[in-house]
Amino acid sequence: MARIVMKFGGTSMAGTERILKVADLVRAQQLRGHEVAVVVSAMAGETDRLINFCREASWLYDPAEYDVVVASGEQVTSGLLAIALQALGAKARSWLGWQLPIRTVEAHAKARVDSIDADALIAEMQQGVIAVIPGFQGMSDDGRITTLGRGGSDTSAVAVAAAVKADRCDIYTDVDGVYTTDPRIVAKARKLRHVTYEEMLELASVGAKVLQTRSVGLAMKEGVRIQVLSSFIDDDAPAADSLPGTMIVSDDELEGMDMERQLITGIAHDKNEAKITLTRVPDKPGAVADIFGPLAQAAINVDMIIQNVGRDKGETDVTFTVPAADLARSLDLLEAAKEKIGFNRIIPDTNVAKISVVGVGMKSHAGVAAKMFKALAERGVNIIAISTSEIKVSVLIEEDYTELAVRVLHTAYGLDAVEA
């Protein structure tokens, strides 16, 4: 018998028919003798609908009241799933964030989980009650409802799993695991049976949309084993315990398995990037700080940075990338600081994409970056910028070359599946 937290996303909960299917999956897991808690998202598209209501009411809405509105989506699905489970003969009840409680800190609309009082929840699970918990929400110190930001239900599920000391956290999505790259681009992409926390963190941060980055970071911190599965499986499919999903585990656990590790785990891409170039910036101490200070204060994440020596002595060009959604705000902030920074022109470019090669094997192998650069050069793909970490190499290229670059690199690193 295991203690399992199951999480279902918006596509899995999109309507009564799918909720009934989810109820079947949850009930089947309990009937195998497991203690089960379920974390649910709002129905697909519901959160966007609720956000639009807030914007229509006022563009300057109170974030605390915004949280009250958008948290209602998960409240609906948690109640409906509990009803569906009861109809199957299971003992089930919903637990809203404030009832556990899930205590959060920091700002409304982007709160972070601080602690979960899980004693009552564990007691119910031990009595055979299936707990259904709305994801994405918690409670602030002053008793107000808070939300965790987009994709926060993944983080909720991992936090609950850590609080109840679950054997694993099964996250059901519209894909059946983590692949070496996007299978919609590369038909020969392979599903990975195991991925380390570090690799999944990098893949999530550079464009892979399977899991929210915060949820993976929390899982690594708390040692929660995550399994990624598809909720769109046939009625006669084997139990989730034996389904070939993807397990996300620690590096130590993976090293203990009798398996051959790939040097590179996956190729990720992200088209939601924008490039900004400031020309003729004074080449003096403090100039770069004057550029990035206002962006940092506005919580805008800067990724790749290049500083070139300008044509004129004493001047330089600075190029960097920001999320495409933050481009307009970044340009406004830089224009406002133009006199202090002393640049000549701002040149924005949204026709860019970030391609990343990720793998823990990079720690002990040289030549990974060289192979990437050579493979792209042979196909005429120009590299605009480069950034690296211990287990990742990312390049910025023209967006039109995105799919070509992904295919070329997937083959270059030997990740293509072998045809039967």
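Two strands pair if DSSP finds at least two bridges between them. Helices (H or I, at least four residues) and strands (E, at least two) are DSSP runs, numbered from the N terminus. The model is predicted: local features need pLDDT of at least 70, side-chain atom pairs count only at pLDDT 80 or more, and totals for chains, interfaces and linings use all residues. Residues are numbered from 1 along each chain as its sequence is written, and side-chain values use heavy atoms, with hydrogens and water left out.

**View 1. The eight-stranded open sheet.** The strand order is β3-β6-β2-β1-β9-β13-β14-β12, and the pairing is mixed. Because β3 and β12 (194-196) stand at the edges with a single partner strand each, one side of each is left without a neighbour in the sheet. Neighbouring strands are turned by 20° against each other on average, direction ignored; here axes are lines fitted to C-alpha atoms, for helices over the stretch in contact, and angles run from 0 to 180 degrees between N-to-C directions. Within the sheet, β2 (residues 35-40) pairs with β6 in the parallel sense over four bridges. Val39 stands opposite Ile133 in β6.

View 2. Contact means heavy atoms within 4.5 Å. Helix α1 (residues 16-31) packs on the sheet and touches β1 (3-8), β2, β6 and β9 (168-173). The direction of α1 makes about 175° with that of β1. Helix α6 also packs on the sheet, touching β1, β2, β6, β9 and β13 (226-230). For α6, the angle with the direction of β1 is about 170°.

**View 3. The second largest pocket.** A pocket is found on a 1 Å grid over the protein atoms alone: whereas a cavity is a set of points where a 1.4 Å probe fits but cannot get out, a pocket is an open set with protein on both sides within 12 Å along at least five of seven lines, and lining residues have an atom within 4 Å of a point. Grid points are joined across faces, edges and corners, and a volume is the space filled by probe spheres set on the points. The second largest pocket has a volume of about 320 Å³. It is lined by 14 residues, of which Val113, Asp114, Ala159, Leu218 and Glu222 are the closest to its centre. Two or more lining residues come from each of β5 (112-116), α6 (152-163) and α8 (213-222).

**View 4. The four-stranded open sheet.** The strands follow the order β15-β20-β22-β21, with antiparallel pairing. Its edge strands, β15 (266-270) and β21 (385-389), each pair on one side only. Neighbouring strands are turned by 20° against each other on average, direction ignored. Five bridges join β15 to β20 (residues 352-358), and Ala268 stands opposite Ser356 in β20. Helix α7 (residues 197-205) packs on this sheet, touching β15, β20, β21 and β22 (392-398), and its direction makes about 170° with that of β20. Helix α13 (residues 368-378) touches β20, β21 and β22, and its direction makes about 20° with that of β22.

**View 5. Thr402 in helix α14.** Thr402 belongs to α14 (residues 402-412). Buried means under 20% relative accessible area, exposed over 50%, and partly exposed in between (1.4 Å probe, protein chains only). Thr402 counts as buried because its relative accessibility is 0%. Leaving aside neighbours within four places in sequence, Thr402 is in contact with His269, Lys271, Ala353, Ile355 and Ile397.

View 6. Eight of the ten residues of β16 are buried, so the strand is largely enclosed by the rest of the structure. β16 (residues 273-282) includes Arg280, which is partly exposed at a relative accessible area of 38%. Eight bridges join β16 to β18 (residues 315-323) in an antiparallel arrangement, and Ala274 has Val322 as its bridge partner in β18. β16 also pairs in the antiparallel sense with β19 (residues 346-349) over four bridges. Here Ile276 has Pro348 as its bridge partner.

View 7. Most residues other than glycine have a negative phi, and most peptide bonds are trans. The bond from Leu100 to Pro101 is cis, with omega near -5°; Pro101 lies in the loop between β3 (92-94) and β4 (102-105). Phe136 has a positive phi, near 80°, and sits in the loop between β6 (130-134) and β7 (137-139). Phi of Arg280 is also positive, near 55°.
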